[in-house]
Amino acid sequence: MKGFGYLLKFSYRNLFRVPKRTLIMILSLSFGCGFIVWDLNFANSGSKEIMKSFLTQYAGLYHITHPDYYDAKNKKHFNPFKTMSDEDIADKSLITKSTKRAVAPVFVSGEKKTLGVLLTGLEVLKEKQLSTLYKAVTVGRFLEPQNQREIILGKKFAERIEAKVGDEVAIVGQALDGSVANDLYTVVGLLDFGGGDLEESLAFTQFNSAQELLSMPSERYHQRVSFDVEAEELPVLKNLGVSKWDELIPEIGVSVRFIDDITWFACIIIVLVVSMGLSNTLMITFFEREQEFNCLNIIGAKTKWITISLMIEVFIMGTVAILLGLIFGLLATTYFHYHAINLELFTGGKPIIMGGMTIVPLVKIYAQARYFWQVPLMIYAFLSLTMIYPLVRVIRRSQNAI
Amino acid sequence: MQFELNHVNKIYVSSEENKVFGAKDVNINIHEGDFLALVGPSGSGKTTILNLIAGLIIPTSGHLKHGGKDITSMSLEERTQHRLDYMGFVFQDYQLLPILTAWENVEFPLQLKGFSKKEIHERVDWALAQVGLEKMGNRFPKQLSGGQQQRVSIARAIAGRPQLILADEPTANLDSKTAQEIIELFLRLNREFKLTFVFSTHDQRLIDQVRTVLYIKDGQISEARKNNV
């Protein structure tokens, strides 16, 4: 350890050989590190914020259903005859964090046109507590819990069947007993999802009205939708199916994963570019000192000693740069936590539509603890790679002589 | 402890036809307390002989021994350790580490040897005192004159009390007054502490002050002279 202490001191002193160069290397690495930490936090918070906004609007984090309700191979397909009740849920705490829905594909007839739509019966009060769907009603109003047979249509859908707020529309579908279900509903509001596809495919009514239309027993329903979007893990229910949002809307799940992966990829490219620059500078630094390495070797320093001292030198520099980088990253992350970034900056002012819904574009950045060790590890790994070639050159330099 | 070069040849081969003798049938015995100069023009082979004694290059043929131990059979790392244990070096261009103070430069080989902190302090202070720089230990090389830097280099070489000090043209970069001071310093260290010096030079002014002079020509010892000094 005594010898190692001297090695440390010797390597540390070498950093002051050309202070400006050392400073530039430290700053470039620390800015790279800081940017990566900030970027990962931004990407993570951005995708979380977007997902939170998306999931709380309508989809929910996960659906609890009858195990055979969703098709195991393609969860876009479902079987409306497979229902469940609260009796089936052993963990009653799940009931408070979720809302019941009854869902049925139906035809909606306006004055001149009839089109298919997915009609969802909602627990109006609970839905208003848990989701932000009611905020998407821009014309008319949201459903009233005490009323019956009210319907909210997507704006585009309403245009296509030429229905307006206050109009009556006829609903035709299939009840759970196999009979034809039909009734008249009053349009009370129009949903605006920013022009997304959901405006053409969704309609909502009171839960009781949907149950009545489908001849569904009062305690039965199709889905319990949880909006507990911060939950890290899904509940495990033996007798029921639990489907996460990315299984139900796989195309969005893939996009989100792609964005996360591409962010890491971009970070690795940044580190690679910085490392190549660093490798070049290290090589120049080492070559400049070749005569000195010779002298050290002549007076008794073994090649191993010289190599280790150079490695320590780079690691001291790297550690200082990483520490500074983490501080930069944390400061930038904290700043943008209090000054949310408007994602429309990146879309040229156009709205962000995801899964047929418009997303609130403000992103508050939250610092994720894991990036504060993952990024340093990645940089240390690249630093090690960076050193290989310059060190090999030092080790294999020409035979020492006076 | 004796250093011996027996029938040592060093041949540099640049092509099949082009072979150059860096050292040709060199026989030298170096004893404790010797003060020996290798003299000759540039390219005569002085530095090659110093490199051979130091074990920095391996002879093409012949034997190089220290205390009966064959240095040529040692590995590169063993030869480095051997230099650290038994030799000190003084270079023409001083070769001080710019990031270390004079004191720390002298300390460097002692740290490599693993001496205790107390012993290092005693030895560095002693060595700097011997070269007259005890009050300049905290200066960096760039804050010292050429002569002072060479003195630090000498202090570094003697601090470990090596059995042999090799110096390559130690006065070549110095003015005549400083060169004379350096050679007097060598002589004093040799006289007072029985330190063994082997150095190369082509400075005629210094040669007369040296006890044993080996004249080198084309890699060979062309003449050996003993001065009464």
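1. What percentage of the 229 residues of chain B count as buried? The share is 46%, where a residue is called buried if 20 or more other C-beta atoms lie within 10 Å of its own, exposed if 12 or fewer do, and partly exposed in between, with the C-beta atoms placed from the backbone. Please keep in mind while reading that this is a predicted model, in which local features need pLDDT of at least 70 and side-chain atom pairs count only at pLDDT 80 or more, while totals for chains, interfaces and linings use all residues. Residues are numbered from 1 along each chain as its sequence is written, and chains are lettered from A, with ligands numbered from 1, in the order in which they are written.

2. On the overall form of chain B, its C-alpha atoms fill a box of roughly 55 × 40 × 35 Å along the principal axes. The radius of gyration, taken over C-alpha atoms, is 17 Å, and this agrees with the value near 17 Å for a compact globule of 229 residues, the globule rule being 2.2 Å times the number of residues to the power 0.38. Chain B has seven helices and 10 strands; helices (H or I, at least four residues) and strands (E, at least two) are DSSP runs numbered from the N terminus. Among its contacts between residues at least 6 apart in sequence, 68% join residues at least 24 apart, two residues being in contact if their C-beta atoms, placed from the backbone, lie within 7 Å.

3. One pair of positions gives a sense of the distances within chain A: the C-alpha atoms of Ile308(A) and Gly140(A), which are 168 residues apart along the chain, are separated by 74 Å. Ile308(A) belongs to helix H11 (residues 303-338) of chain A, and it is partly exposed, with 16 other C-beta atoms within 10 Å.

4. Turning to helix packing, two packed helices are described by the angle between their axes and the distance between the axes. Helix H9 (residues 250-288) and helix H12 of chain A have axes 9 Å apart and pack at an angle of about 30 degrees, the axes being lines fitted to C-alpha atoms over the stretch in contact, with angles running from 0 to 180 degrees between N-to-C directions. H9(A) and H12(A) are therefore roughly parallel, since angles under 35 degrees count as roughly parallel, over 145 as roughly antiparallel, 65 to 115 as roughly perpendicular and the rest as oblique. Residues of H9(A) including Val271(A), Leu278(A) and Phe286(A) take part in the contact, as do residues of H12(A) including Phe382(A), Tyr389(A) and Arg393(A). By class, this contact has 14 nonpolar, three polar and one charged residues, where Ala, Val, Leu, Ile, Met, Phe, Trp, Tyr, Cys and Pro count as nonpolar, Asp, Glu, Lys and Arg as charged, and the others, Gly among them, as polar.

5. Helix H12 (residues 371-395) of chain A also packs with helix H2 (residues 19-59) of chain A, their axes coming within 10 Å and crossing at roughly 135 degrees. That angle makes H2(A) oblique to H12(A). The contact is formed by Cys33(A), Ile36(A), Val37(A), Leu40(A) and Asn41(A) of H2(A) together with Tyr371(A), Phe372(A), Val375(A) and Ile379(A) of H12(A), and by class it has eight nonpolar, one polar and no charged residues.

6. The contact between the two chains takes 18 residues from chain A and 22 residues from chain B. On the side of chain A that touches chain B, the elements giving two or more residues are helix H1 (2-14) and helix H10 (290-298) of chain A. That side has, by class, eight nonpolar, six polar and four charged residues.

7. Glu162(A), in the loop between helix H5 (155-161) and strand E6 (168-174) of chain A, has a phi near 55 degrees, a positive value in a residue other than glycine, and it counts as exposed, with 11 C-beta neighbours inside 10 Å. Tyr94(B), in the loop between strand E6 (87-90) and helix H3 (102-113) of chain B, has a positive phi near 65 degrees, but Tyr94(B) is buried, with 23 other C-beta atoms within 10 Å.
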